[in-house]
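This briefing sets out the main features of the structure shown below, grouped by topic. It begins with a question on strand pairing and then turns to the chain as a whole.

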Amino acid sequence: MTSFSCSSNVSLTLLISVCVSASIIASAGNFYQDFDITWGDGRAQILNNGELLTLSLDKASGSGFQSKNEFLFGKIGMQLKLVPGNSAGTVTAYYLRSEGSAWDEIDFEFLGNLSGDPYILHTNVFSLGKGDREQQFYLWFDPTAAFHTYSILWNPQRIIFSVDGTPIREFKNLESMGVPFPKNQPMRIQSSLWNADDWATRGGLVKTDWSQAPFTATYRNFSADACIRSSGQSSVCNSNSPAANNNNAWLSEELDSTAQERLKWVQKNYMIYNYCSDTKRFPQGLPPECAANNTS
């Protein structure tokens with residue numbers, strides 16, 4: 001099988017060529033096969049022969065899991081049903097992250113709230129250990145009532161966050177402007193449910209109501225069209241998505257005009273914080289990607 005060294009200075013053209021030539025099709029995702037429970041002392045459980053995974057939080061501990069594989073670019077999807085009821089103080093984090101002190105990371109974080117108030121969907125992009133690129137949104141549905149799909153497209157040109165197929169955020173590769181972009185470090189999918197009542201709900205003003213515990217989030221239908229790092233330093237392109245025989249088109253995917261209009265609709269109607277609009281936070285001037293309409 002074709003492979004290449006993740007640590008070598010392979011050009012993006014060669015990288016894409018290698019990934020495409022190594023493409024194979026695998027079966028739909030199974031939590032037993034694809035993930036390891038990493039902490040929680042039994043609070044995380046894989047159920048229904050690997051079709052469901054639940055994370056729980058009580059006053060003693062939260063819980064978490066991570067993917068067995070590391071990915072270097074991919075189109076990653078997962079269906080989540082978030083903690084119902086009074087979830088104030090809880091955070092359900094679902095993200096990609098590399099190892100080390102100069103890590104890369106692509107974040108979905110769901111900040112719980114009092115019953116009847118909307119969740120806040122918090123997004124961020126880290127490169128070489130530096131983040132500070134937050135955008136926050138309300139959702140146009142109740143994320144606790146049913147499963148919804150939260151997806152990350154990560155290719156050499158851009159990162160696109162999507163909810164049920166609707167893009168909510170795009171972060172472009174603007175290295176030409178001196179903006180670091182995650183492209184060299186393979187990342188694992190990780191998720192955790194934990195107590196963050198010191199900051200998560202109204203800046204920490206609303207505390208976790210432990211009489212509502214245990215708090216539980218549920219996961220299903222993981223899919224990945226991705227370049228997977230395996231055997232130490234080699235990577236191959238792989239897919240466990242049932243509809244993935246697309247010659248890895250995601251490696252060069254971008255938003256078409258319809259998707260761009262949907263992105264604008266979300267950002268106009270549901271965005272509640274954008275670091276590119278926070279001039280008080282950046283008195284010396286907004287980050288360079290903001291001027292390039294990277295996050296508008």
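Which residue of strand 13 stands opposite Gly64? In this predicted model, the residue opposite Gly64 is Ser192 of strand 13. The protein chain holds four helices and 16 strands, and 53% of its 296 residues are buried.

**The chain as a whole**

- Among contacts in the protein chain with a separation of 6 or more, 66% are between residues 24 or more positions apart.

**Strand pairing around strands 4 and 13**

- Strand 13 spans residues 188–195, and six of its eight residues are buried, so this strand is largely enclosed by the rest of the structure.
- Strand 4 (residues 63–67) is likewise largely enclosed by the rest of the structure, because four of its five residues are buried.
- Strands 4 and 13 run antiparallel and are joined by four bridges.
- On its other pairing, strand 4 is joined by four bridges to strand 1 (residues 35–39), and these two strands also run antiparallel.
- Phe65 of strand 4 takes part in both pairings: Ile37 stands opposite Phe65, and the bridge partner of Phe65 in strand 13 is Ser191.
- Strand 13 is also paired with strand 6 (residues 90–97), through eight bridges and in an antiparallel arrangement.
- Within the pairing of strands 6 and 13, Arg97 stands opposite Arg188 of strand 13.

**Annotated active-site residues**

- An unreviewed UniProt entry carries the annotation "active site" for Glu105 and Glu109.
- Glu105 belongs to strand 7 (residues 105–111), and Glu109 is placed in strand 7 as well.
- Glu105 has a relative accessible area of 7%; it counts as buried because this value is under 20%.
- Glu109 is also buried, with a relative accessible area of 13%.
- Beyond residues up to four places away in sequence, Glu105 touches Tyr95, Leu96, Arg97, Asn124, Val125, Phe126 and Met187.
- One of these contacts of Glu105, that with Arg97, includes a polar contact of 2.8 Å between the two side chains.
- With the same exclusion of residues up to four places away, Glu109 touches Val91, Thr92, Ala93, Ile120, Leu121, His122 and Trp194.

**Salt bridges**

- The model contains twelve salt bridges.
- Glu70 and Arg229 form one of them, with the closest N and O atoms 3.6 Å apart. This pair links distant parts of the chain, since Glu70 lies in strand 5 (residues 70–81) and Arg229 in strand 14, 159 residues apart. Both Glu70 and Arg229 are buried.
- Lys75 and Glu253 form another, with the closest N and O atoms 3.1 Å apart. This pair also links distant parts of the chain: Lys75 is in strand 5, while Glu253 is in the loop between strand 15 (234–239) and helix 3 (257–269), 178 residues apart. Lys75 is partly exposed at a relative accessible area of 33%, and Glu253 is partly exposed at 28%.
- Arg158 and Glu170 meet through their side chains in a salt bridge of 2.8 Å, N to O. Arg158 lies in strand 11 (residues 158–163) and Glu170 in strand 12 (residues 166–172), so the pair ties together parts that are twelve residues apart in sequence. Arg158 and Glu170 are both buried.
- A network of salt bridges links Asp132, Glu134 and Arg281.

- Pro118 lies in the loop between strand 7 and strand 8 (120–126) and is partly exposed, with a relative accessible area of 36%.
- Apart from neighbours within four places in sequence, Pro118 is in contact with Asn113 and Tyr138.
- The C-alpha atoms of Pro118 and Pro143 are separated by 8.8 Å, with the two residues 25 apart along the chain.
- Ala226 is found in strand 14 (residues 215–230) and is buried, with a relative accessible area of 0%.
- Ala226 and Phe71 are 155 residues apart in sequence, and their C-alpha atoms are 6.4 Å apart in space.

Methods: Residues are numbered from 1 along each chain as its sequence is written. This is a predicted model: local features need pLDDT of at least 70, side-chain atom pairs count only at pLDDT 80 or more; totals for chains, interfaces and linings use all residues. Side-chain values use heavy atoms; hydrogens and water are left out. UniProt positions are given in the numbering used here, feature names are shortened, and annotations may be inferred rather than shown by experiment. Buried means under 20% relative accessible area, exposed over 50%, partly exposed in between (1.4 Å probe, protein chains only). Contact means heavy atoms within 4.5 Å. A polar contact is a pair of N or O atoms within 3.5 Å; within protein, one must be able to donate a hydrogen and the other to accept it, and residues adjacent in sequence count only if both atoms are side-chain atoms. Two strands pair if DSSP finds at least two bridges between them. A salt bridge is a side-chain nitrogen of Lys or Arg within 4 Å of a carboxyl oxygen of Asp or Glu.
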